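Hi,

Here is the structure I promised to pass on.

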Amino acid sequence: ISVSFAASNGFKAVYILEREGFVFGKPNENFPSDARILFFKSEKDLLVESFRLIWEFPVIITFNGDNFDFNYLYHRANKLKIDKDLNPIQVKRGFGFLSKAECDLRKGIHLDIFNFFLIC
């Protein structure tokens, strides 16, 4: 229902799926005042725009992106029949949402820092 981004250049964005009957109130009360808040009428549009943004950055850092964020986005895009050329994510291992996965980007570098914190 939402995807958030924060970049080292100060860019911040929150993409939110509009849902019937759900009132969001004032976005600046719930999100950083300098974040760009965008609402989408469909999950497909939200994902396509998220993918467009991911393509723009050479390095993406996630926390548990391999086993949740990227894995979930990849499989939702397939279920929603989003053109595979638009999807920057590749799943190298794991064949279902709940299986252990390793996700990569078709262009750029993906660093999942989850395992880093496991060894600390």
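Let's start with helix α3 (residues 65-79): F68 and Y72 both sit in it, four residues apart, or about one turn of the helix. Helices here are DSSP runs of H or I with at least four residues, strands are E runs of at least two, and both are numbered from the N terminus. F68 is partly exposed because its relative accessibility is 40%, and Y72 is partly exposed too, at 33% (buried is under 20% relative accessible area, exposed over 50%, partly exposed in between, with a 1.4 Å probe and protein chains only).

Before going on: this is a predicted model, where local features need pLDDT of at least 70 and side-chain atom pairs count only at pLDDT 80 or more, while totals for chains, interfaces and linings use all residues. Residues are numbered from 1 along each chain as its sequence is written, and side-chain values use heavy atoms, leaving out hydrogens and water.

Now the rings. There are four aromatic pairs (Phe, Tyr or Trp rings, six-membered for Trp, with centres within 6.5 Å; planes under 30 degrees apart are stacked, over 60 edge-to-face, the rest tilted). F5 and Y15 are edge-to-face, because their centres are 5.5 Å apart and their planes at 65°. F5 belongs to strand β1 and Y15 to β2, so this pair ties together parts ten residues apart in sequence. Both F5 and Y15 are buried. As for F68 and Y72, they are stacked, 5.9 Å centre to centre with 15° between the planes. Ring pairs also link F5, Y15 and F40 into a cluster.

Cheers
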